[in-house]
Amino acid sequence: MNEYYYELILDHWRYPRNKGKMKDPDAYAFDSNPLCGDEVEYALKLDDNKRVIDIKFDGHGCALSQASASILSELVKGKTIEEIKNMTKEELLRELGNPNLGPTRIKCALLSYKTLKLAVYSYLGKKLQEEIY
Amino acid sequence: MLDKQRIQIIKKDFPILNREVNEKKLVYLDNAATTQKPIQVIEAIRKYYEYYNANVHRGVYTLAEEATAAYEESRKEIVDFINANSYEEIIFVRNATEAINLVAYAWGRKFIKEGDKIVVSQMEHHSNLIPWQILSREKKAKLEFIGITEEGKLNEEDFNKIDKKTKLVAITHVSNVLGTINRVEEITKIAHELGALVLVDGAQSVPHMPVDVKKIDCDFLAFSGHKMLGPMGIGVLFAKREILEEMPPFLTGGEMIKNVDFYESTWNDLPWKYEAGTPNVEGAIGLAEAIRYLKNIGMENIRAHEKALVKLALSKLSDIKGLVIYGPKDPEIRGGVISFNLGNIHAHDVASILDQEGVQIRAGHHCAKLVMKKFNVPAMARASFYLYNDEEDIDALYSALNVTKKVFGLD
Ligand SMILES: Cc1ncc(COP(=O)(O)O)c(C=O)c1O
């Protein structure tokens, strides 16, 4: 019962990590899910080696979308842009505990992932080249 | 409310209500989105395909004549149901959305001119908003809004936005979010005195209460079959005959012509002038059967039943701390729709947990972003009733909401 509202998700929903705004980010993207109105934005600060030294996310929406954004922000801190680019959605889903999500809710869970990839690709001056959903 | 025994008999007509969801009894409370289908409707469609399927209006053989007769009989069922003057005023379309677009494209493009005004309300479903946004931009006409009060009613002070420049007032009869029953008769009277036409979006009224186009005196009425026990893909545009005669066609091609020459053609009689291509015959037959089902129970009785359910739900849910209900509190002016938010829990999370309990409700902006704006929320959860819902369904909703609070640690 209530299988994807377990403690990890609820904890990140109650106490989001890395939430807030960043001044002059090196990479940034915003995206939303028109169906439910979930919104997520990521702002990244990079060092000379293009490694994430700071990350902030902001947004609002369902617990799943916001907890996922918080969890992902922890996951990518310290990674390089290239590493994030090569990351797969399975890595995030594993981190979320591989919840059994239907076609609608998977979009909530992966909105953060999509937004982060958008930030990375736009930093690299490219169009997003990955099918997310 | 319909009595318990009657409801039990009705429930038996809906095979889907026997199924389980997540090992719980199915409690279907998303009737504003679409309704379930009784066995009578399913059987009528089956019989059509098993016994007399053929294209309509095109053949002289037995099957084609039977199919044509059934299709046109279905139209007559609708004439009677909304008290139109004749079959010429009933156009079969895909859904309410297509009905409204038909008016915007065919009537709007001929009759709306630069500087004209179109008045809609802030509680419109997007299907009764976007066509008017596009039309008014294209024609350099002005789009104006009747606002919503805190209570969730139309702001009557804005009725004076309907003026001599106004060519059309497009307004929903019942809000799919707030449940508000709007006084469309009065609005029509005001509009007509100033020379404007009125389109009523009946998607949430025609299925749930007696609707009489003569009494309202509206010029257009749009509704969808799938929201009233009928199949998907069939809807209706009612329009007054004299208006349909003046309007150019919308979609063109087969069916809708009378004479065809190399460079010019003439249009078929009403209503076929507006029904280009092979129509949805199974849809029309299914919808007519749905109407017979509804008439058998009685639209007055259905309205009374939903009113009683709303009254019960409003009072029962009011003791859930943190639950905010939007829309009028008076069941007299509210259809069977209850939209709400629970504390700071997102509507989608509420709907997901209710789903685990077998309770099927909708969450989101309900294609009414201007209503979300008014109440300053990104989304709402919505429970909506129909004739097969009963007190037990409201109890199930109530306890599932309490489960939701527990999961999220709300007290
Ligand atoms: C008030 C209202 N108008 C129009 C529509 C559009 O109906 P359909 O999607 O069947 O065209 C709906 C359905 O959601 C509605 O509730």
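Predicted model: local features only at pLDDT ≥ 70, side-chain atom pairs only at ≥ 80, totals over all residues.
Biologist: Why is B:Ser205 called buried?

Modeller: Buried means under 20% relative accessible area, and B:Ser205 has a relative accessibility of 0%, so B:Ser205 counts as buried. This serine lies in the loop between β8 (197-201) and α7 (213-216) of chain B.

Biologist: What makes the pair of side chains B:Ser205 and B:His173 a polar contact?

Modeller: A polar contact needs a pair of N or O atoms within 3.5 Å, one able to donate a hydrogen and the other to accept it. The side chains of B:Ser205 and B:His173 make such a contact at 2.9 Å.

Biologist: Where is B:Gly202, and why is B:Gly202 counted as buried?

Modeller: B:Gly202 is also placed in the loop between β8 and α7 of chain B, and because buried means under 20%, its relative accessibility of 0% makes B:Gly202 buried.

Biologist: Why is B:His57 called partly exposed?

Modeller: Partly exposed covers what is between buried, under 20%, and exposed, over 50%; B:His57 is at 31%, so B:His57 counts as partly exposed. This histidine belongs to the loop between α2 (39-52) and α3 (62-82) of chain B.

Biologist: What is the phi of B:His57?

Modeller: The phi of B:His57 is near 65 degrees, which is positive in a residue other than glycine. Most residues other than glycine have a negative phi. Another residue with a positive phi is A:Asn18, at about 55 degrees, and A:Asn18 is not a glycine. A:Asn18 lies in the loop between α1 (7-14) and β1 (27-33) of chain A, and with a relative accessible area of 17% A:Asn18 is buried, because the limit for buried is under 20%.

Biologist: How do you know that the peptide bond from B:Leu270 to B:Pro271 is cis?

Modeller: Its omega is near 0 degrees, and the bond is cis. Most peptide bonds are trans. The proline, B:Pro271, is found in the loop between β12 (265-267) and α9 of chain B.

Biologist: Which kinds of residue form the shell around the ligand?

Modeller: The shell divides into two nonpolar, nine polar and two charged residues. Of the 13 residues around the ligand, those that come nearest are B:Thr97, B:Asp201, B:Gln204, B:Ser224 and B:Lys227.

Biologist: Which residues touch the most other members of the largest nonpolar core, and why is this core said to lie between two domains?

Modeller: Among the 79 residues of that core, B:Ile82, B:Leu221, B:Val371 and B:Leu387 touch the most other members. Helix α9 (residues 281-297) of chain B gives the largest share, nine residues. Domain 1 (4-30 + 298-407) and domain 2 (42-295) of chain B both contribute residues to this core, so the core lies between them.

Key: Residues numbered from 1 in each chain as written. Chains lettered and ligands numbered in written order. Heavy atoms only, no water. Near = heavy atom within 4 Å. Nonpolar A, V, L, I, M, F, W, Y, C, P; charged D, E, K, R; others polar. Core = buried A, V, L, I, M, F, W, Y, C linked by side-chain atoms within 4.5 Å. Buried < 20%, exposed > 50% of the residue type's maximum accessible area, 1.4 Å probe, protein only. Helix = DSSP H or I, 4+ residues; strand = E, 2+ residues; numbered from the N terminus. Domains from an automatic or database assignment.
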